[in-house]
Amino acid sequence: MNDITTIDPIASLDLGSIFDASLDSIEYAPDFVTPPAGDYILKATKLEAEEYDAKEKDEAGNLTGRVNKGKRLRLTLAIVSTLQLADAKEQPVPDGSMLSITYQLTSDGLSFFKTFARDALGVADLEGATLGAIKTALLDKEFNARVSIRKSPKKDAAGQVVVGEFYENASVRPMVAKS
């Protein structure tokens, strides 16, 4: 039996051999999670710009049924370790678990991202830094952060609150070292 990493899928068109290969050398993929509120050591692993379908709302905040293309940054973070949970009854998630946070590609969204990046990098300011330079500095950077959880009620397609159902959104704030 071959190990799957020894099979060159492009050179070998015998796709049937894939099912005879061992997956022993392949690591399990980390889970994407909403971690419990608490203090963590995190590491930035990816920063991407993406388009997504944004549900349009009217002035009163009701869904109109129309969808527009939105643009945002998606920052993927790995949990290096759990320092302390806000609720001792909660169980920590496994080290290596992932979460992502997004920032709208608007002046407000980029302002929030800039503050996050400054604090995660532990610098006084990001004057003159391009988004590309900030991305390079952030990737694989470990930093202490506080994660808080915000629960929002789920709404159905008509915009009505679904009783007893909630979305959980993690908010991540780098903890700036005090001097």
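Which residues does Val-172 touch, not counting residues up to four places away in sequence?

**View 1. Val-172 and its neighbours.** Leaving out residues up to four places away in sequence, Val-172 touches Leu-42, Leu-77, Leu-99, Ile-101, Phe-116, Ala-145, Arg-146 and Val-147 (a contact means heavy atoms within 4.5 Å). A word on what you're looking at: this is a predicted model, where local features need pLDDT of at least 70 and side-chain atom pairs count only at pLDDT 80 or more, while totals for chains, interfaces and linings use all residues. Residues are numbered from 1 along each chain as its sequence is written, and side-chain values use heavy atoms, with hydrogens and water left out.

**View 2. The largest nonpolar core.** This core has 25 residues, and Leu-42, Leu-77, Phe-113, Phe-116, Leu-138 and Val-172 touch the most other members. Such a core is a set of buried Ala, Val, Leu, Ile, Met, Phe, Trp, Tyr and Cys residues joined through side-chain atoms within 4.5 Å; buried means under 20% relative accessible area, exposed over 50%, and partly exposed in between, with a 1.4 Å probe and protein chains only. Among the elements that each supply at least two core residues are strand 1 (38-57), strand 2 (63-85) and helix 1 (107-121). Helices here are DSSP runs (H or I, at least four residues), as are strands (E, at least two), numbered from the N terminus.

**View 3. The aromatic cluster.** Tyr-103, Phe-113, Phe-116 and Phe-143 form one aromatic cluster. Rings of Phe, Tyr and Trp (its six-membered ring) pair if their centres lie within 6.5 Å; planes under 30 degrees apart count as stacked, over 60 as edge-to-face and the rest as tilted. That rule gives three aromatic pairs. One of them, Tyr-103 with Phe-113, is edge-to-face, at 5.4 Å centre to centre and 70° between the planes. Tyr-103 sits in strand 3 and Phe-113 in helix 1, ten residues apart, and both are buried. The rings of Tyr-103 and Phe-116 have centres 6.1 Å apart and planes at 55°, so that pair is tilted.

**View 4. Pro-35, tucked in before strand 1.** Pro-35 lies in the segment before strand 1 and counts as buried because its relative accessibility is 1%. Not counting residues up to four places away in sequence, Pro-35 touches Tyr-40, Ile-79, Val-93, Leu-99, Val-147 and Ile-149. Pro-35 and Thr-82 are 47 residues apart in sequence but 9.6 Å apart in space, C-alpha to C-alpha.
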